[in-house]
Amino acid sequence: MFKKVLIANRGEIALRVHRACREMGIRTVAVHSTADADAMHVRLADEAICIGPPSATDSYLNIPAIISAAEIAQADAIHPGYGFLSENARFAEIVQEHRITWIGPDPEHIRKMGDKVEAKRTAAALGLPLVPGSDGPINSVEEALEVAEKIGYPVLVKAASGGGGRGMKVIPDAASLPSLVSQAKSEAKAAFGDDTVYIEKYLSEPRHIEFQIFGDGQGGAVHMGERDCSLQRRHQKVLEEAPSPVLSAAERARMGEVVRQAIAKLKYRGAGTIEFLWENGEFFFIEMNTRLQVEHPVSEAITGLDLVREQIRVAAGLPLSVTQDDIHFEGHAIECRINAEDPASFAPSPGRVTDFHQPGGLHVRVDSALYDGYRIPPYYDSLIAKLIVYGANRDECLMRLRRALEEFVIHGPKTTIPLHQALIEDSDFQKGDYSIKWLERWLAAKA
Ligand code: ADP
């Protein structure tokens, strides 16, 4: 097992990885920007190394600085967390070239899944159902018109290198197609340096349902059930739950097995997520994320597994600690993403935390790097806490979540706690009756 792991991240996920390491008897090295000198991950880690100025480009994305830190600290392995360099195949290769273990999948798999056109081809070859669409990139307006005609309007034009919900446009009809495709191409070029686009059927009211998977890199794989992440604003997840309120145990077992076999065939190593849109009982693959996700704790809550420990074990060459038969889904878990933002306008609200009290009690978990007096820097993502609540069933989970949100005190910056409090009182939400469009409609109605 590793003696020392460098955590190439910040915030709650850096703490999450630190905790798994300490439980496994592994020492940790935190890296940080000058703006994060007082951050919790720096305080808790066994060692800390400053890797640059506040801007992420110069610090958390600064590959030479991170590699130097790992060499100076003599770390055996690097855990990238999520975001930043976690899906950068070149970084994964550089880490390995320095004889440091990369706690993540094979760089080739990261590269393949990072290009969405390539990812869809791979998914199809592995037997996963796709959203109907172009068979690869779109090379001309004529080709786009032909594909759209075949699958039927509305269609969605998407950037092959897109991410974070950016680089997508809905095309309602043939007349608007030429200009929207060319706009999408120039926006993709500007945002991702790649103007490759492809076309998909635009599903009207789907749910976003994703499967957590794990591979040992040798053809062994398990699935850890699904998460429902349909509650989104601007394609960003706001609240996630496991299991999905709409999936039966039989459907979970059937689709889980399809996904498990695909991952086994790929000989994938480590944690990953296969994302689907789900409409009228059918699954459609949209993308695969080759990293730990923000919402992984809801899967941990219903399976009792520690996903970060599993990642570290597999990276160290140990087998998966469970077989599919060992994995049972029990109860219900919900995660609320709490952002330092105005709950109505979503304007960022960094600054000093003047009072902090986190909820506790049975089955209440808070993953956060906040503390009393902490100054939330304005340079990074606005996620400041994840509240994860478990219950024997969804009703019990909601009852406990209401109580936990009431107890949560974060004074100073504005937070999205009031948004979650209002959301869980909605009757559609309580029934689990929502699609990916639902939250934006609900927000618009409240405004
Ligand atoms: P990104 O990598 O930018 O997050 P995804 O392909 O994962 O892009 O899609 C993000 C979100 O966009 C999905 O969760 C869903 O809300 C919406 N979306 C993507 N593809 C479609 C589609 N074909 N029809 C309708 N909505 C879609």
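Let's start with a term: a nonpolar core is a set of buried Ala, Val, Leu, Ile, Met, Phe, Trp, Tyr and Cys residues joined through C-beta atoms within 7 Å. Buried here means that 20 or more other C-beta atoms, placed from the backbone, lie within 10 Å of a residue's own. The model is predicted, with local features needing pLDDT of at least 70 and side-chain atom pairs pLDDT 80 or more, while totals for chains, interfaces and linings use all residues. Residues are numbered from 1 along each chain as its sequence is written.

The largest nonpolar core holds 124 residues, and L6, I78 and A333 touch the most other members. Strand β19 (residues 383–391) gives this core its largest share, 7 residues; strands are DSSP runs of E, at least two residues long, numbered from the N terminus. Leaving out residues up to four places away in sequence, A333 touches I388, V389 and Y390, among others. Touching means C-beta atoms, placed from the backbone, within 7 Å.

Now for the ligand. It has 20 residues around it, and E200, L203, H235, I286 and I436 come nearest; to count, a residue's C-beta atom, placed from the backbone, must lie within 6 Å. β8 (197–201), β12 (269–279) and β13 (282–289) each supply at least two residues of this shell. By class, the shell has 8 nonpolar, 7 polar and 5 charged residues, with Asp, Glu, Lys and Arg as charged, Ala, Val, Leu, Ile, Met, Phe, Trp, Tyr, Cys and Pro as nonpolar, and the others, Gly among them, as polar.

Methods
Helix = DSSP H or I, 4+ residues; strand = E, 2+ residues; numbered from the N terminus. Buried ≥ 20, exposed ≤ 12 C-beta atoms within 10 Å, placed from the backbone. Contact = placed C-beta atoms within 7 Å.
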